[in-house]
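Welcome! Please take a look at the structure below, and then let us walk through some of its details together.

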Amino acid sequence: MQNWFSLTLLQNKGLAIFMTNHKSYITNKLFSIAMYSNKPFKVYSITYTIANMNIKLRSFFWLLAFAISSATYSQEFPSNPADAKMGWWREAKFGLFIHWGIYAVPAGKYVYNLPDGKYKEDITQGEWIMNRCKIPVAEYRKYAEHFNPTKFNAEEWVLTAKAAGQKYIVITTKHHDGFAMYKSETSNYNIYDATPFKRDPLKELAEACRKYGMKLGFYYSQAQDWGHKGGAPNKWHWDKAAQDGSMDAYIDSIAAPQVKELLTNYGDVAVLWWDTPKDMTPELAQKLDDITRQHPNLITNNRLGGGIRGDLETPEQYIPASGYPGRNWEVCMTVNDHWGYNAYDDNWKSTKELLRKLIDITSKGGNFLLNVGPTAEGIIPPVCVNTLKEMGDWLKINGEAIYGTTANPFDYLSWGRATRKGQKVYIHVFDWPKNGQLNVPFANIITKAYLLEDTTTLLRTKQMANKVLVSVPNIAPDKMATVVVLEFKGEPIVLPKLTENATAIATSELDTAHGINKIFSTNPKDFYSAGKDQKETTIELDLGKPQAVAGIMLAEPWRAWEKKEQQYLLSYKVGNDWKILAEETTNGTGHTKLFGTVTTQFIRLQLNNKTDAPRLNQLLLYRPD
Ligand code: FHN
């Protein structure tokens with residue numbers, strides 16, 4: 001294949017030079033820049049055959065292209081991931097979320113007293129129990145009288161996080177119920193003044209974090225506050241006499257002074273984790289942003305409101321298919337199905353499941369904030385402690401493949417994930433190869449290959465066109481995930497995404513902002529939608545030329561609790577005939593389907609949605625391993 005390069009000028013965006021074998025890498029970035037660009041731009045391109053160009057000159061062009069496109073690329077995003085204050089955070093990768101409050105007293109159960117002495121029990125609640133069960137303020141406040149977490153031990157909590165390999169803790173200082181979990185001078189509706197506990201757990205936790213070198217972050221519900229007048233409701237106030245009031249006055253008299261005291265009285269606070277910006281106006285948000293800006297090293301997230309983006313994207317309970325290229329992002333997730341303690345929820349995710357989520361998130365360049373909900377006695381549920389310990393034991397051996405790594409260069413690995421650190425790629429193998437040959441779609445020269453748990457035993461590698469075969473032991477050393485390290489030369493050389501040069505048409509589009517081309521965007525906030533009243537759409541992809549296809553990934557914009565689903569029929573074209581590849585139902589949060597390899601240029605996706613217009617965040621096609 002002849003090498004050629006094309007010089008492409010993106011108006012106002014600098015140059016990107018790309019070469020045929022690596023074209024996708026650059027155009028992928030160009031496409032992403034274009035997608036995120038908020039300014040019109042033109043593309044000028046000249047092509048020049050460099051068949052005779054010597055290897056040095058080719059390498060120069062390649063390095064120049066990589067350097068320019070990366071520089072151009074990073075200019076595009078407000079919170080440049082390389083921000084100095086983000087250094088420890090990007091190294092940390094794994095943190096502990098703690099949802100703790102007086103909602104732990106009912107522990108998920110609320111009993112409705114019905115007429116004629118009957119009653120109804122609801123055991124599905126958590127930190128939203130006051131809102132979901134419409135508990136009057138005065139009745140809810142009584143939980144504080146029974147909240148006396150004498151078994152709380154801050155050092156135990158910090159050591160649990162350390163044993164998990166977690167590098168930071170984010171704890172709820174005040175959730176939507178308005179109850180402060182610290183000695184607040186602003187409101188006596190707090191753990192020190194309103195409970196028999198008479199201690200300040202945040203003070204104790206801050207000291208323990210300093211003692212053990214754990215970064216400490218504070219979650220604060222800045223808008224929703226069902227316990228103070230003027231705090232935002234979710235939808236409406238159910239105890240109007242106690243809840244109605246001016247939100248401006250609430251921000252001035254409760255939220256702003258509490259944020260100030262949290263950032264002043266507890267030493268080095270590393271993260272301020274806003275949540276649910278209900279009814280937050282730019283003016284109200286600015287009042288709080290002005291406070292946090294006085295702390296230049298404080299990391300904030302994207303949930304303050306008022307259009308303030310903060311430093312972090314915060315996908316919740318799901319992992320974006322392609323992460324958030326160019327933004328810092330952190331997935332927060334529960335171990336069972338509740339953030340706050342629910343004594344009846346034993347739907348615990350396994351260690352293997354959570355570890356593979358950590359690996360998946362890290363392989364896309366994100367952080368994982370895994371939540372526990374301690375009991376009213378101050379105990380982290382033992383099953384969580386055990387799971388966290390098992391994750392930490394894995395990290396003790398394989399932490400090098402997680403901490404401080406960046407997103408992997410590969411399109412998709414059906415049998416595992418990958419992370420990168422400089423000239424090392426860490427292959428996290430979930431499904432161990434049966435034939436002792438690990439097939440990695442990597443065209444670079446491999447200088448060394450070994451198991452991360454045994455760096456002294458070198459593994460044989462065989463370089464082939466666009467892939468390397470690694471000879472591995474017959475049995476997986478670690479069934480949860482075994483890490484194979486490949487040390488390599490140069491910049492990663494990988495095949496382009498199958499959809500890199502694809503075009504798509506659809507039988508229905510809501511508008512241009514949600515046109516069919518959005519299925520190629522890597523920005524999780526983008527999505528394609530069929531027309532408003534449509535319940536079905538047909539999408540046809542033209543891959544530009546016949547390609548070997550072995551799987552599909554449909555990224556969808558809903559969350560598990562929305563209980564959406566979409567039916568789809570996937571076909572590929574052979575001659576003039578369409579042949580079925582798969583016919584399934586998604587759960588609305590994303591769907592991956594691997595099928596036997598087929599070679600085709602045309603793929604058709606018929607999508608049906610009974611409740612909404614069919615939607616997709618992204619559509620990816622996977623090459624055969
Ligand atoms: O409403 C809250 C919820 O209770 C919990 O705190 C989560 C954690 O990210 N945030 C909100 C829901 O998005």
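Let us start with charges and rings: arginine 141 lies over the face of tyrosine 189, 3.8 Å from the ring centre. A charge sits over a ring if NZ of Lys or CZ of Arg is within 6 Å of the ring centre and within 35 degrees of the ring normal. Tyrosine 192 has a charge over its ring as well, namely the charged end of lysine 183, at 4.8 Å from the centre.

Before going on, a word on the model: it is predicted, so local features need pLDDT of at least 70 and side-chain atom pairs count only at pLDDT 80 or more, while totals for chains, interfaces and linings use all residues. Residues are numbered from 1 along each chain as its sequence is written, and side-chain values use heavy atoms, with hydrogens and water left out.

**Rings that pair**

Rings of Phe, Tyr and Trp (its six-membered ring) pair if their centres lie within 6.5 Å; planes under 30 degrees apart count as stacked, over 60 as edge-to-face and the rest as tilted. By this rule there are 21 aromatic pairs. One of them joins phenylalanine 442 and phenylalanine 488, edge-to-face, with 5.1 Å from centre to centre and 75° between the planes. Phenylalanine 442 belongs to the loop between strand 17 and strand 18 (446-451), and phenylalanine 488 to strand 22 (residues 482-488), so this pair ties together parts that are 46 residues apart in sequence. Helices (H or I, at least four residues) and strands (E, at least two) are DSSP runs, numbered from the N terminus.

Elsewhere, ring pairs link Phe97, Tyr219, Trp273 and Trp339 into a cluster.

**Strands and their partners**

Two strands pair if DSSP finds at least two bridges between them. Strand 18 and strand 22 run antiparallel and are joined by five bridges; in this region, isoleucine 446 stands opposite phenylalanine 488 of strand 22. Strand 18 also forms a hairpin with strand 19, with two residues between them.

An open sheet of three strands has the order 17-21-20, with antiparallel pairing. Strand 17 (437-440) and strand 20 (461-464) are at the edges with a single partner strand each, so one side of each has no neighbour in the sheet.

| Strands | Bridges | Facing residues |
|---|---|---|
| Strand 20 and strand 21 (residues 467-471) | four | Glutamine 463 and valine 468 |
| Strand 18 and strand 19 (residues 454-458) | two | Tyrosine 450 and leucine 458 |

Most residues other than glycine have a negative phi. Asparagine 466, in the loop between strand 20 and strand 21, has a positive phi of about 65°. Asparagine 466 is partly exposed, with a relative accessible area of 38%. Glutamine 317 has a positive phi near 65° and counts as partly exposed at 22% relative accessibility. The loop that holds glutamine 317 runs between strand 11 (312-313) and strand 12 (328-334).

Definitions and conventions: Buried < 20%, exposed > 50% of the residue type's maximum accessible area, 1.4 Å probe, protein only.
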